[in-house]
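Good morning. I will walk through one structure, a piece at a time, and keep it short. Please look at the screen.

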Amino acid sequence: MMEKFKDNVSFYWEYFFKNEENSEQVSQTKFLQSLPFFSKLSLRQIRVISEYLHYREYADDEYLFEYGTPGAALFLIFEGSVAIEVPTPSGVNQVAILEDNSFLGELALLSSAERTASARCIKKSKCFALYRNDLDRLADSSPEICAEIYKSLAKVVGRRLEATTKQITSFKEKHGNKNNADAA
Amino acid sequence: MQMQHEKARKIRSVIVYSASIIAAICLVVYLLGALRELLLPIIVGGLLAYLCKPLLAKRILPWLPNSVRVIILLGVIGGGLAYTAQSIKKSIPSKDERLVLQVRMNYKLHERFNSIMGVDAKTGKGNFVYNMVKDEINPIMSQIYSVLNLTQEQRSDFRKFYRENKETYPNLEKYYEYYRANLKRARIEEKALEAAKKEERSLASATIDAKEEEKGSIILDLLNVVSTWLLTPFVFIFLLFDNGQIMKFFVQLVPNKFFELSLRIVDEVDTAIGNYLRGTLLECSLVGGTIGLGLFVIGIDIKIALTIGAVAGLANAIPFLGPVIGLVVGLGYGLIVEEIAPIIPGIDTGNLFFAIVGTVVVAQLLDNSIFQPIVLGSAVNLHPLVVIIGVMGGSVIFGFAGMLLAIPAIVIFKVVIETLFKEMKAYRII
């Protein structure tokens, strides 16, 4: 009897003080804040940007995007895992596996150049996608949010460039040494 | 076992999807047919919203919330349209005024024709042009005159109007002279006039009742029009309130494989059609403005010049036929105008005809050589044959509105198909 009364009361109060956002929305906001693109944004700004995000659910073995197609959107992995694969003449070369709270395809935010790898889900995944032209439109209505995202994007791309340069240097060193050895 | 289960599921999903698509298509087709009357208000509201969208995206009054800006925009557009409608309604002649216009048109047409052809009223001989073409042109002219000649009933209405308004209505005395001249020319004999007079007496009491009836039906018509057109502002407001949610909903329905493809198609189609429609609107406004200004310069009253300009501008959206409509409206007014105040010297009512033709020709030349290339570019190229057949087809299906909307509809169709195939190839779907 008492239990039932308590349930009713708690239901009443829960309803009365119910937060506008449900738990799923809270975890989505937390997820977005954990990503470098949105980490500097306020809660209000996160809410604005989340209006532009497309929520997608992928089954096992479904592609987020495929090698060689024009890039259109940045993908944020909320849950699941995605394999990055590059097709080579000798077969598919798996480059990396991305898990929860990571992102991929960020270069699509800058241009519609062809994707340099395929992204295939290796288990059921939930993702958000941000379309390039939506980001451009955001520049019109909330330029401060857009500037923050572009800044983070520049940092991410810069880090990748740095890593690539290092890789090329070390590759050249090895390759160059080998060439020298052959010449000798 | 698992495989079989998956296979069965796949078959079920194919069945469910195809059944829902077929049902949706049937429903849409049925609704389009049944709600034909609502179609035009919705299209107009949607079109207005679409044209105004960039006004909201650009940071005009950025400190105002979006919804307030939409309402302000609606107020401005609604006010503008209401004002235009009001002034058009004022300039639409009443039944009696139409009779006066008909009389004036009949008289002036005859006068202009005779002065151009140099026809002598007594001998019936004209200049050499007249002698050359009289066999061809006389039957046509008499056909036109017979359309413009008043019927017995109209004659009595006109005389009644004259008696009641001869002190107040400007120039009515003169128009009555026109009327008599028309009658004389139409070789109506005194007998017929007598008969008409008798008829008029018997009709005098009946006309009052007829007028009452007419008023009632106008109110009824107005109510009918209002109820469907009430949709337009709602469509306008809610389409502009929308912050991409409608589009997101439709994109959500797209399978994952086509997700990026659909984003790009929607965007490219939106850009192409937006550019085309906004370009056309700007081009028509420029043409209308040029014609209005031109008519004002050659001496037509500014208000009427701008009204004719607005009509000609709107009609200009119809390829080929539009300029002709503008010309006919301008010439129609030029025919009946009594006095003009030209800014350029040397123009009088006699050569006004050529001045109007010149104005429209100049506006069209400007349109083809400057406005179109700059505003529209080569955004959407349609084959002239497609344009002609499209305009005629539109008029067959939806009348004047169909003529106006046919080319935008074809352009939308073309852009969608083109983009669809281009993008499907880029995404290696076909």
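I start with a strand in chain A. β5(A) has 8 residues, and the count of buried ones among them is 0, so by the cut-off of 20 or more other C-beta atoms within 10 Å this strand is hardly covered. Keep in mind that this is a predicted model.

Which strand does β5(A) pair with? Its partner is β4(A), in the antiparallel sense, over 7 bridges. One facing pair is Ile84(A) and Ala96(A), the latter in β5(A). The two strands make a hairpin, with 2 residues between them.

Ser90(A) is in the loop that joins β4 (82-88) to β5 of chain A. Is Ser90(A) buried or exposed? It has 6 other C-beta atoms within 10 Å, and therefore it is exposed. There is also a distance to point out here. Ser90(A) and Val48(A) are 42 residues apart along the chain, and 45 Å separates their C-alpha atoms.

Now chain A as a whole. It holds 5 helices and 8 strands. Read from the N terminus, the order is α-α-α-β-β-β-β-β-β-β-β-α-α. Of the 184 residues in chain A, 22% are buried. Taking the contacts in chain A with a separation of 6 or more, 73% are between residues 24 or more positions apart.

Two loop residues in chain A have a positive phi without being glycine. For Asp61(A), phi is near 75°. Asp61(A) sits in the loop between β1 and β2 (63-65) of chain A. It counts as exposed because it has 10 C-beta neighbours inside 10 Å. The other is Asn101(A), with phi near 55°. You will find Asn101(A) in the loop between β5 (91-98) and β6 (102-104) of chain A. With 14 other C-beta atoms within 10 Å, Asn101(A) is partly exposed.

Next, the inside. How many residues does the largest nonpolar core have? The answer is 33, and those with the most contacts inside it are Leu64(A), Ala73(A), Leu74(A), Phe75(A), Cys127(A) and Ala129(A). Elements from both chains take part: β2, β3 (73-79), β7 (118-121), β8 and α5 (143-183) of chain A, and α11 (259-297) of chain B, each supply at least two residues of this core. Take Leu74(A) as an example. Beyond its neighbours within four places in sequence, it is in contact with Phe103(A), Gly105(A), Glu106(A), Ala108(A), Leu109(A), Ala129(A) and Leu130(A). Another core, of 29 residues, lies apart from the largest one, and Val287(B), Leu306(B), Ala312(B) and Met403(B) are among its members.

That brings us to chain B. Its secondary structure is 15 helices and 0 strands. Of its 430 residues, 19% are buried. Among contacts in chain B with a separation of 6 or more, 70% come from residues 24 or more positions apart.

Gly45(B), Leu48(B) and Ala49(B) are the buried residues of α2(B).

A straight helix of 43 residues would span 63 Å at 1.5 Å a residue, but α15 spans only 30 Å between its end C-alpha atoms. Where does α15(B) bend? The place is Phe398(B), and the angle is about 145°. The buried residues of α15(B) include Gly390(B), Val391(B), Met403(B) and Glu423(B). As a group, its buried residues pack against α2, α11 and α13 (321-336) of chain B. Just after the helix α15(B) comes Arg428(B), with a positive phi of about 55°.

Last, the place where the chains meet. Chain A gives 17 residues to the contact and chain B gives 16. On the side of chain A that touches chain B, β1 (54-58), β8 (125-131) and α4 (132-141) each supply at least two residues. The most come from α4(A), with 4 residues. By type, that side of chain A has 8 nonpolar, 4 polar and 5 charged residues.

That is the end of my part.

Conventions
Residues numbered from 1 in each chain as written. Chains lettered and ligands numbered in written order. Predicted model: local features only at pLDDT ≥ 70, side-chain atom pairs only at ≥ 80, totals over all residues. Contact = placed C-beta atoms within 7 Å. Nonpolar A, V, L, I, M, F, W, Y, C, P; charged D, E, K, R; others polar. Buried ≥ 20, exposed ≤ 12 C-beta atoms within 10 Å, placed from the backbone. Core = buried A, V, L, I, M, F, W, Y, C linked by C-beta atoms within 7 Å. Pairing = 2+ DSSP bridges. Expected span 1.5 Å × (residues − 1). Bend = angle between axes of the 7 residues up to and from the residue.
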